[in-house]
Amino acid sequence: MANPFGGQQPVLALPYLAFAQGDGRSEWNFSVQWGLRLGAKLGLAPGLALDGGLTLPPAFVEGADWSRGVPLVLDGGVILGERGAYLSPRLHLVGVPGSGWGLAYQVSAGLYGREWAAELGVLGGFGGGLVFSLSAAWRFGTSPLAP
């Protein structure tokens, strides 16, 4: 995968900052990484939750074209997990309102504790290629142990 900021290296480190507020069963969240994302999660049963969000991708990367409108990414998925591990398949609807949409898919697997989380993921559907990700985070404040 070419570096979307114009570099030639296939690996790109992106900082991640997120805020979540909820009671362990439902939450809303806001994050900044590859664009701005506003999301929500709803726990349906122990170890089962629905998750979805809306992302506004960055306009400053090489090849970004906002001349036809503001691009959006709608995502939705399931989080399956208990006791410090989870699996999350999801779909992404990517496009510009009024100009067409494309579909991408993602599967992530992670491990987590009260103060940390680590995840391995794969994203596909963009011209047949796959994008692999490895991420880790340190949690600040109090976090419930929920997928």
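pLDDT is the predictor's confidence in each residue, on a scale from 0 to 100. Here the protein has a mean pLDDT of 82, and 80% of its residues reach 70 or more. This is a predicted model, where local features need pLDDT of at least 70 and side-chain atom pairs count only at pLDDT 80 or more, while totals for chains, interfaces and linings use all residues. Residues are numbered from 1 along each chain as its sequence is written, and side-chain values use heavy atoms, with hydrogens and water left out.

Leucine 91 counts as partly exposed because its relative accessibility is 47% (buried is under 20% relative accessible area, exposed over 50%, partly exposed in between, with a 1.4 Å probe and protein chains only).

Look across from histidine 92 and you'll find alanine 104 in E7. The two strands form a hairpin with 3 residues between them, and glycine 98 in the turn has a positive phi of about 85°.

Next stop: aspartate 51, in strand E4. Is aspartate 51 buried or exposed? Its relative accessible area is 12%, so aspartate 51 is buried. Show its side chain and that of arginine 90: they make a polar contact at 2.7 Å (a pair of N or O atoms within 3.5 Å; within protein, one must be able to donate a hydrogen and the other to accept it, and residues adjacent in sequence count only if both atoms are side-chain atoms).

Definitions and conventions
Two strands pair if DSSP finds at least two bridges between them. Helices (H or I, at least four residues) and strands (E, at least two) are DSSP runs, numbered from the N terminus.
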